[in-house]
Amino acid sequence: MGARRRTRAVLVAVVVAVGVTAAATGTIGTPAAGAPPAGAHAAPGDRGTWQVRATGDRRYEVSWRSPSLLPTTDARPVVTGPASLRIGVASVGPDRRTVTATVVASAPPRVRDLDVVLSGDRLDARGDDRLRAATTAGAGARLDLPGTVTLPDDPGATGPFDVTSSDYQLAPVKLPGMPEPIEMVGHVVEPAADAVTGPRPLVLFLHGRHSVCYDPADPDAGGDTWPCQAPQQEIPSQLGYDYIQQVLASQGYATVSIRVNGINAQDYRLLDGGADARAAIVERHLDHWADIAAAHQVDMSRVVLVGHSRGGEGVDRASLEIPLSAPYRVVGQVLIAPTDFGNQTAPYVPTVTLLPFCDGDVSDLEGQRFTDVSRDLTTGDTSLKSSVLVMGANHNFFNTEWTPGLAAAPAWDDWYGPERGECGAKNAARLTPQEQQAVGTAYVAGAVHLFADDDQGVLPLFDGSRARVASLGDAQTLSHAIGGGRDVRAPQRGAALDLPDDADTRMCTGVDDSARVASCTHGLDYVAVHPHWSSSGEMLPTRSFFQMTWTASGQAGGLVLRRPLDLTDRRLELRTIADPGAGPVDLRVRITDGDGHSAVLTPAGGGGLPLLGKREDTRKYWAQALVVDPSAAAGVDLADVTKVDLVSHSDHGRVWVADLAAAPATLAPVPDRRLATVDIGRTVVPEGDGDAPVTVRVPFSVHGGLTAPARIVVATVGQSRGDVQRFPIDLAPGQTSGWVPVTYQPNRVDDYPRTVTQVSLQPVRGVMTDSWAGALWVVDDDPAPRVTVRAVRATVREGASAKWEVRLSAPTGYGTFVSGRVVRGPRPTLSVADVPRDWLAGQVGGRPAPTDPLWKYHPSTYGSLDPGETRTVLSVPTVRDGRDEGRESVTLRIRVGRTVVERTVWVR
């Protein structure tokens, strides 16, 4: 893999071969702890060790063991390789060092072709790829944003009320998949008891995935063992948003920030990254607040959830799970640098997503999906979905307990690269922690005002307008939005290509695959961050984009709308991605009505779109709002706009349009609805011994009531009939259940104890997923073959190799590792001088004495049995020295899984 390639966590299903059946002496068993796995090809080094193990049926388990504990980050490690390999979701083992994934390929993958990538860096390669890619020259200039207005009301300003703080601790909660219970701790900041605020909305904060323990006396002593062991203490991540809580409480809101260190220490076990577990804890805290609401003057019908990183994905899961019948109502949510492993969003819940430009953890800005996925789900969802790009902000500094100089525990800047690079700590465009926290305060508080109190005066912060408030200082932000009452037209689905005027235009598919002509990235050598376009291996539902390239001013192209757009008393918005590598973008917009009357309009701010990222490694292919006031279009029937074209005003450039919309001046009311959700389960079946393929129905259930046709997309990897499959499933109104077909081939061969085919669901239309990852477990029911070990020849001549044959009574479906270690046997025994010096030097350091017995140094020999093989031979070479030493023995302790035997060969 190239050093610069960035890959987000793959969300397709994955097959994992787990374990090897163990029997008593005389049958195959699991390899000894610490030994290379069966059929392994290992590449050791100070950058970790790769191992590749054949698991049958063109499947291979690849694993990489880090020389040190993996960092506790919100991003997940990803195994990457050539496009010819189908690589499943990577999992982290209980040792917190081993990353494992299943690969489907026609031949064993080569370790030199594999990488483990975390937050844009290859962990298995020397150095930091991000440091190598980063440069300093000319970096860090501020964006040119003409037309920016300062709003009169500042949600980031302190309010009139005195505040009080307190903490509570409830009984821990046991959650599925986690051996240790999860703490129930809350940090409360609210108006003082005598503050006359009336019923107060509740704002709940949930932090992300961070280290959980630290030693106050030793900042270098890490530890994520849960519960924390003395002298280590818990990192108080829940205190990291107190600065926002203080402002909100002074404005009349009740706030609580909760701690989930127990989840952070254990969520590596869960395929969804712990999102459902975090949602469960959020709901437990809300249940508690429903009980105490009256005592705190809290209005539980106005709850806003705020989640940071994996906490963002956690509160989103809570929002889509909490029914309208609950004793509380989520009226909005703010997601700060969130993950979205499940490709999910919360229909009918207004959502603001903050995306840090200099995020060095969730570096692919996958939180953009919370906006994009919502667009095509249903026509009835009028909830605002807004994305805000925060220039100069990193991932960690939104939480003061993750910020150096402010945190009680050791903390760090998650960005990388030279200090004066574009996102470096000493670059003028990079936000200080205090500046970044001011942005967090203004935007979280602004969203709370908008969602809980319908304060439409702050809407320009979120709707694509160039707007700011005084408390932001010099910080710069960009935004775009869908929903909120917008009438949206999407390329291909809602609009076709207009006849271009010299510009080069086409429809392209939103996937990052430069080798694929239909891809939006075709012809681009490198796309650093592309949050609107999935990676080629993810198998996610894709969207079409309008692409236009121009080489002179005045060239134009655009879209013919399948339904006319009504721009009466509305503005036109185009979510437009500017290519940072193709030159400055300056555009005009031409609108045409059904009678052919047209007008060319200048967008707000003059039509220029700033290029996002000065260097390749920081470029962002992120959609900005191109906003047009159509009221000046004389002679055009604004109620019947049938074409929208872009007209170049710069000499060259390239853009992609995600969609265009007619946007109202104020938000539309959000109906009291929740979309139905789909959960997929796990099915366990015995393998059986038939000759014909078996198709198993993995069930899913539908909750909440389907009232209209809906569609999901299913992806599986590794089933024996078709290793990769992806297909839609249509759901009918009233449907409450269904199933996904997964086929496997039974046999009469001893296989791994279970083969797991994991199945993922992706929402497309009319429904949302909740538990999106399911599985078929096929349990092997064939006996393990017996192992026999014998000397090939009881006696060999000096200079020949002593050989031992290992034979299985029947072939297996997995690879088997065989090791032999020279041990003390019958006297006299071979000495060091009786074996080739180079053979021994490869195993024994120093200079062994030639007269020492060979067994003293325990040299080893290895072999393997690939799936289907039943015989291998171990050997120890000898040398002919011409001296008559009589008969000498060499004894091997041979290990085949749990079978251990000793066999002797004589040399004379």
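T100 counts as buried because its relative accessibility is 15%, where buried means under 20% relative accessible area, exposed over 50% and partly exposed in between (1.4 Å probe, protein chains only). This threonine lies in strand β7, residues 98-104; helices (H or I, at least four residues) and strands (E, at least two) are DSSP runs, numbered from the N terminus. Leaving aside residues up to four places away in sequence, T100 touches E61, V62, S63, V89, A90 and S91, with contact meaning heavy atoms within 4.5 Å.

A word on what you're looking at: this is a predicted model, where local features need pLDDT of at least 70 and side-chain atom pairs count only at pLDDT 80 or more, while totals for chains, interfaces and linings use all residues. Residues are numbered from 1 along each chain as its sequence is written, and side-chain values use heavy atoms, with hydrogens and water left out.

Zooming out, the protein chain has 8 helices and 53 strands. Along the principal axes, the C-alpha atoms fill a box of roughly 110 × 65 × 60 Å. Buried residues make up 59% of the 908. Take the contacts between residues at least 6 apart in sequence, and 76% of them join residues at least 24 apart.

Now for a sheet. Strands β42-β39-β37-β44, in that order, form an open sheet of 4 strands with mixed pairing. β42 (737-744) and β44 (768-769) stand at the edges with a single partner strand each, so one side of each has no neighbour in the sheet. β39 (residues 694-703) pairs with β42 in the antiparallel sense over 8 bridges; two strands pair if DSSP finds at least two bridges between them. One of the bridge partners is Y744 in β42, which goes with V694.

Helix α2 (residues 242-250) is mostly covered, with 7 of its 9 residues buried. Those are Y243, I244, Q245, V247, L248, A249 and S250. What do the buried residues of α2 pack against? Their neighbours are β11 (163-173), β12 (182-191), β13 (200-206), β16 (254-259) and α7 (433-453). After α2 comes G252, with a positive phi near 105°.
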